[in-house]
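Please look through the sequence and the model below before reading on.

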Amino acid sequence: LAIEAQLRRALERQEFRLEYQPKVNIADGRIVGFEALLRWANPMLGEVSPVRFIPIAERTGLIIAIGAWVLEETCRQMRSWTARTGVPVKVAVNLSPRQFHQKDLLPSIRDCVGRWGVPPGSLELEITETALVSREQEVDVLMRGIRALGVELSIDDFGTGYSSLAYLKRFPVQRLKIDRTFIRDLGQDDDSAAIVHSVISLARNLKLAVVAEGVETEEQLAMLREMQCDEFQGFLFSRAVSADQVMALLEANK
Ligand code: G
Ligand code: G
Ligand code: MN
Ligand code: NA
């Protein structure tokens with residue numbers, strides 16, 4: 001359990017950093033925002049993927065402190081970018097289920113946004129479907145609290161959990177992110193194309209913006225444009241980049 005022992009000391013040893021993946025408007029090709037993605041470099045273990053350490057952080061409860069750091073670092077960075085570019089930069093942060101259900105989530109978000117002077121509407125929280133399936137009443141109250149702060153909400157990895165679009169209608173979310181497994185198979189298999197197409201059209205009816213994740217080819221992008229998907233993320237445009245590289249991307253995007 002070397003990884004758990006190392007993870008416990010990673011915050012105090014300042015081993016975490018954030019990278020940011022651009023989110024692009026499909027219609028005009030412009031950057032509309034970024035997703036903050038956590039990275040961990042440990043002297044013994046090297047670069048450890050969040051796929052490996054987030055579940056451990058969830059299980060041990062370390063995710064609460066790590067998540068607080070992610071939010072703090074994101075708001076600090078947003079303020080710094082805005083100071084340099086003069087325009088607000090939109091950033092989405094991932095919330096794991098345990099974080100989402102943590103007692104003082106709302107005050108901690110309000111406090112962080114307030115201290116850094118971040119316009120609440122520039123911050124978005126990504127929540128996976130699995131965080132929503134239980135405790136529906138509580139989820140509803142939480143989401144309304146977040147919306148009351150002015151912060152936006154999106155459903156991450158959509159299609160991999162159990163929620164239906166009808167069920168999503170009750171939640172005050174602004175954006176839906178189609179899981180990259182469906183995008184990967186676009187153009188390969190008709191079922192995926194049918195699923196993506198129906199998610200996009202139903203989401204439109206619910207007035208939700210749709211983001212396609214994991215777009216890697218021009219062919220996938222062309223199909224998504226055809227289906228009138230709103231935004232995409234993926235290696236085709238850019239991987240997650242450092243905070244400095246974000247500045248360069250924003251300059252080029254002017
Ligand atoms: O960036 P990458 O593809 O390696 O991310 C893998 C997974 O880790 C994704 O599901 C992503 O949502 C999750 N992840 C990345 N950063 C964070 C974070 O700051 N908090 C949480 N809870 N999950 C994250
Ligand atoms: O679950 P979530 O959407 O938070 O996961 C984001 C993860 O997806 C990040 O770790 C990021 O590195 C990864 N990712 C982003 N774009 C692509 C892509 O085009 N292809 C693949 N395979 N992964 C991607
Ligand atoms: Mn995400
Ligand atoms: Na996702």
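## Basis of the description

The model is predicted, and for that reason local features need pLDDT of at least 70 and side-chain atom pairs count only at pLDDT 80 or more, while totals for chains, interfaces and linings use all residues. Residues are numbered from 1 along each chain as its sequence is written, and chains are lettered from A and ligands numbered from 1 in the order in which they are written.

## Overall fold

The secondary structure of the protein amounts to eleven helices and nine strands, where helices (H or I, at least four residues) and strands (E, at least two) are DSSP runs numbered from the N terminus. The radius of gyration is 18 Å, close to the 18 Å that the globule rule gives for 254 residues, so the protein is as compact as a globular protein of that length; the radius is taken over C-alpha atoms, and the rule is 2.2 Å times the number of residues to the power 0.38. Along the principal axes, the C-alpha atoms fill a box of roughly 50 × 45 × 40 Å.

Of the 254 residues, 35% count as buried; a residue is buried if 20 or more other C-beta atoms lie within 10 Å of its own, exposed if 12 or fewer, and partly exposed in between, with C-beta atoms placed from the backbone. Among contacts between residues at least 6 apart in sequence, 65% join residues at least 24 apart, a contact being a pair of residues whose C-beta atoms, placed from the backbone, lie within 7 Å.

## The largest nonpolar core

The largest nonpolar core has 61 residues, of which Val91, Ile178 and Phe232 touch the most other members; such a core is a set of buried Ala, Val, Leu, Ile, Met, Phe, Trp, Tyr and Cys residues joined through C-beta atoms within 7 Å. Helix H3 (residues 62-85) gives the most to this core, with seven residues. When residues up to four places away in sequence are not counted, the residues that Val91 touches include Tyr20, Phe34, Met78 and Leu123.

## Strand pairing

Strand E1 (residues 16-25) pairs with E2 in the antiparallel sense over nine bridges, where pairing requires that DSSP finds at least two bridges between the strands. Within this pair, Glu19 has Leu37 of E2 as its bridge partner. The two strands form a hairpin with five residues between them, and Gly29 in the turn has a positive phi of about 75°. E1 also pairs with strand E9 (residues 231-232), in the antiparallel sense and over two bridges, and there the bridge partner of Asn25 is Glu231.

Strand E7 (residues 175-178) pairs in the parallel sense with strand E6 (residues 152-158) over three bridges, and Ser154 stands opposite Arg175 in E7. E7 pairs in the parallel sense with strand E8 (residues 209-212) as well, over four bridges, with Val211 in E8 as the bridge partner of Lys177. From E7, Arg175 and Lys177 point one way and Leu176 and Ile178 the other way, and all are buried.

## Surroundings of the two ligands

Which residues are around ligand 1? They are Leu37, Leu38, Ser49, Pro50, Val51, Ile54, Val70, Asn94, Leu95 and Ser96, a residue being near a molecule if its C-beta atom, placed from the backbone, lies within 6 Å of it. Strand E2 (31-42), helix H2 (50-60) and strand E4 (91-95) each supply at least two residues of this shell, and H2 gives the most, with three. By class, the shell has seven nonpolar, three polar and no charged residues; Ala, Val, Leu, Ile, Met, Phe, Trp, Tyr, Cys and Pro count as nonpolar, Asp, Glu, Lys and Arg as charged, and the others, Gly among them, as polar.

Around ligand 2 there are 14 residues, and the closest are Asp157, Gly214, Glu216, Gly234 and Phe235. The shell around ligand 2 divides into four nonpolar, five polar and five charged residues.

Gln14 lies in the loop between helix H1 (2-10) and E1, and has a positive phi of about 55° although it is not a glycine. With 8 other C-beta atoms within 10 Å, Gln14 is exposed. Gln228, in the loop between helix H10 (218-226) and E9, likewise has a positive phi, near 60°, but is partly exposed, with 13 other C-beta atoms within 10 Å.

Leu106 belongs to helix H5 (residues 105-116), and counts as partly exposed with 16 C-beta neighbours inside 10 Å. Apart from its neighbours within four places in sequence, Leu106 is in contact with Gly145 and Ile146.

Terms used. Contact = placed C-beta atoms within 7 Å.
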